[in-house]
Amino acid sequence: MPSIVRRLVGVVEDDESVRQSLLRLLRSSGRAAMAYASAEEFLLCLQRDKPCCLVLDIHLRGMSGVDLLEKLARENVSIPVVFITANGEEAPEGVLRQSGATCLRKPFDETSLIQAIDAAIGELPAASAGPA
Amino acid sequence: MSVGGEGEAARLHHSAFCLSLSTARFFLLGLPGLLCVSVCATSRAPKSVLLLVAGQMGIPEVDAAVAGARSILQSDTSISLTIYTEYLDEDRFGPDYLKSLPDWYREKYEEHKPDLIIAGGASALDFLLRSRHNLWPNVPVVFSAADERILRPALLGKQVTGILFGRDIKRSLEQALRLLPDTERVALIGGATPEDRFGRDIFRREVGRLVNRLTFLDLTGLPMDALKNWVTSLPKRTIVFYLPIYVDGAGQVFLPSEALSTLAAQSKCPIFGLDEPFLGRGLLGGWLASYQEMGRQVALLALRILRGESASAIPIQRSAASVLAFDWQQLQKWDIDESRLDPGAMVRNREISTWDQQRWLILAVLTVCVIQTSLITGLLYHRRQRKRVTESLDERLRFETLVADVSAILSNLPISEIDHQFRDCLERIARFLQADRGSLWRRTGDKGNWTVAHSWWAEGLNPPPLSISADNFPAIGEALKRGVVVISKLDELSVEANLDREVIRRFGARSLALAPLAVAGKIIGVLVFVRTHRECAWPAGLVQRLQTLAEIFANAMARCESERAVRQSEELNSAVLASLEEYVTVLDREGVIIRTSPKPPIRVSDNGSGPLIQMPVVGRNYLKLWRLVATSDVNSDAVPMVEAIKRVLQERQPVAVMEYHDPLVPGGRWLEVRVQRLDRPEGGAVITHLDITNRKRAEIEARRNLDEIAHMNRVAAMGELTASLAHEINQPLAAILSNAQAACRFLSGKSSDLAEVGDCLNDIITDDKRAGEVIKRLRELLKKGEFQASVVDLNEVVRDVIRLVGHDALLRKVSVVFEPLPGLSPVIGDRIQLYQVALNLIVNGLAAAAEQAQRDRWLLVRTAESNSGGVELTVEDSGKGITKEDLPRVFEPFFTTKQEGLGMGLSISRSIVQAHGGRLWAENSAGGGAIFRCALPVARRGAMVSVP
């Protein structure tokens, strides 16, 4: 069945205010967004929501952002990811290189975020039907 | 006698007649009587009697006769008589005088004619008869004479009668001869008048009639001198008879009694007499004529005539008025025994001894004397008794005074004067008992040694021995158990008491008195009084007295002992108090000081700036002193001080410890005041003041250091948590930026969703505040600040810390679990410092857990209430624990097992916890990790932790 794949951006962020602010930002830029408080929550909703991009906080309670990415990779779900972090430290280098994702340091400008999201989505082929 | 009806009247007539007849008879018969009566009545007119007496007044025989006559004359009261007396005194005055007398008498008695004349003596009769013709011719005369020759009827005539008194010469002679049987001669002494010669003749005749063998010596008519010679030279066996000498041979006139006296004094022979008046003048005695009797008889005769008898009708009588009488003195002189006298003889002039004369007087005097003597004796005896009683009372009084004095002295004895006063009392008692030594022995030790505690001895004597053993006095020791022992002589001691005797003798005592002093049945001493000079018995009642004194001494000793004990304990207390570093005050229930250390280290200030405004001395109210300070508003610490003291005194609290800071003292001053309840029924409290300035300064210094180091530690910790911090700040910053940019987009977009914009703005505000909080906390943590006490909830603090380190824990993949106890009691402390401790512990725990394998990384933080009433914070990690060697050193400064870090965290944490009054310690858990426990005291309501 061909479904209109909306360009849903998922936000996985455990800090509530940041989460909300990101949602608003994405919406204000005209994108549909869905926020998840933890990696586990996202996994549960993955099949249902199928976001086209993930804004992923590296340091999460429970499963961390990097771990989530690895899990997705193992399950052959490839969703483009934009890492965000509050930490001064950067994400482990290896992860960045592997996934090819960018990492934004909070506080980050909207422009940086939107550009990163677009870049991540643009790289994906348009019709990624996958196994309908 | 008429008969008939007129009988009545006739009878009356008859009666009247008889009556008149009898009346006539009465009158007739009674007429002479009446006449007599009338005569008597008329003769009631006084009759006068003249006594004409020969001789003179003063001559005893004359006076006796006159007296006899008068007595009889006056005895008849039916005749009222006037009596005149005339003395012829013919011997001294010559015949011419006699011749003129009648005229003179006549003239004299012209108006007083005598009704009767009594002539006393022959010469008086003679005179009257001669002059009768013209002198009182018809007056009856009654004479008394001794001379028979006057019996011449012619001369006598009418109206003359009288009594001739004769001397009883015969009987006198016979009596004399009976008394002196070997008489050979009888001498007769008499006067020279013719009457005397007549009397001599009569006498001679009588003598002649008697025994012929008698020689008659006639000494009458001799002159006195010759008579004197005769009487002095009369030979033996001669008796003398004395006739009254009126005129001697030389014509000298004498009083016969005087003549007799003169002669009798010189006479060598007894003189008998014939006249009673001379008895007592030298007569031995005999049948003596009583002139008084003569006078009486003559007077009786006169009375008869005065009553109416005719003088002529009464014949002249003869009478011998003589008595047999002897002179007692003469009887003695001539050695004649009274029993030889004829019965009926009177003995006159008995030498009435003074006893006879004054018998009653003497008896009375004697009686008085006897009474007086017995009175005096009685009084003397009584006085002696009284004196003895007084003396004994006196002595008793002296003793009682002594006892009272001794008792008074010893009962109020201050300890400093014991020696002096005991010795004084011993001296007084010894002197009273007349002893030479007095001592008070006290038992020392248990072995029965006695030492002299006090003693007095008289000057010049040896003092008593200083100590003796009871073994030396077995007998006396035994006796003392029963009571007072009095030994007057050493020999009194029984035979078994040889040892005693020897020892006593050695000490020079001769008499002993010992009194045991017993208190509560135990003998604590002995009073000993000793005489060394002589053995003599002790006074009676000594035992009792010694017992009394012993009691007084025992009491005094016991009291002194207890006072000494009290004083020693007092001194001990004071010494202990003085030795203490703290200044100790002991209060009673009301807060009044009852004991205090000698010198207060507390500075007492004058301007009210010191902790105590006034000097705390015994008697002042300590509580009030603090109240004064509290009200003076100098220091707020004073108020809780007052409250704490009150609480302890009121037994609401057993102990209160406070620190008191006196800021006005330069440099500051701290006292630790500890108020502790006194555990005794009367209550009270002990307050110790310790000057902890140095300690406090050290504490402050240490705290300051701690604060600095803690600050450094906090800074360091913050440094370690930059990741967390950054995280904490970046989150709100990111949210703010995103919200702001979203809001801009909303505003400039096609659909102006103002609601969204509002949401954005609100969230921005919130996040900004959140960021501000983080900054604030950061600032707080990094602040150097001093300790600030507040009520802290540990749960909140731990939550804060966990939030702070949350990111870090995440980074290291350590799961942090917080199990707070809900409703945990708050603690009092500095929030930041407690935060610091929690932070240190949790960071350490994280670090330790992070070393483990990934799945084994966890940190467990718990809060709980501890058993001891405080709170406990537990941080348990899943690390590898602490080795045995490191365990004791974990809290040391600069001890670290990590490569980086100062190693100060734990030591600082411990210092902070200890400063909060808590404990921080580490142990290994069962799982192999380390457990750090922090115990903190709970904030107690009302507890005062005042720290500068």
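# Exercises on chain B of a predicted model

In this predicted model, Ala458(B) belongs to the loop that joins strand 15 (449-457) and strand 16 (467-469) of chain B.

**Exercise 1.** Decide whether Ala458(B) is buried or exposed, and state how far Ala458(B) and Asp436(B) are apart in sequence and in space.

*Solution.* The relative accessible area of Ala458(B) is 18%. Buried means under 20%, and Ala458(B) is therefore buried. Turning to the pair, Ala458(B) and Asp436(B) are separated by 22 residues in sequence, while their C-alpha atoms lie 5.4 Å apart in space.

**Exercise 2.** Work out how helix 14 and helix 17 of chain B are oriented to each other, and describe their contact by class of residue.

*Solution.* Helix 14 (residues 418-432) and helix 17 (residues 542-579) of chain B pack at an angle of about 175°, and their axes are 13 Å apart. Since angles over 145 degrees count as roughly antiparallel, the two helices are therefore roughly antiparallel to each other. Helix 14 contributes residues including Phe422(B) and Ile429(B) to the contact, and helix 17 contributes residues including Arg545(B), Phe553(B) and Arg564(B). By class, the contact holds eleven nonpolar and two charged residues, with no polar ones.

How values were computed. Residues are numbered from 1 along each chain as its sequence is written. Chains are lettered from A and ligands numbered from 1 in the order in which they are written. This is a predicted model: local features need pLDDT of at least 70, side-chain atom pairs count only at pLDDT 80 or more; totals for chains, interfaces and linings use all residues. Side-chain values use heavy atoms; hydrogens and water are left out. Axes are lines fitted to C-alpha atoms, for helices over the stretch in contact, and angles run from 0 to 180 degrees between N-to-C directions. Helices (H or I, at least four residues) and strands (E, at least two) are DSSP runs, numbered from the N terminus. Angles under 35 degrees count as roughly parallel, over 145 as roughly antiparallel, 65 to 115 as roughly perpendicular and the rest as oblique. Contact means heavy atoms within 4.5 Å. Ala, Val, Leu, Ile, Met, Phe, Trp, Tyr, Cys and Pro count as nonpolar, Asp, Glu, Lys and Arg as charged, and the others, Gly among them, as polar. Buried means under 20% relative accessible area, exposed over 50%, partly exposed in between (1.4 Å probe, protein chains only).
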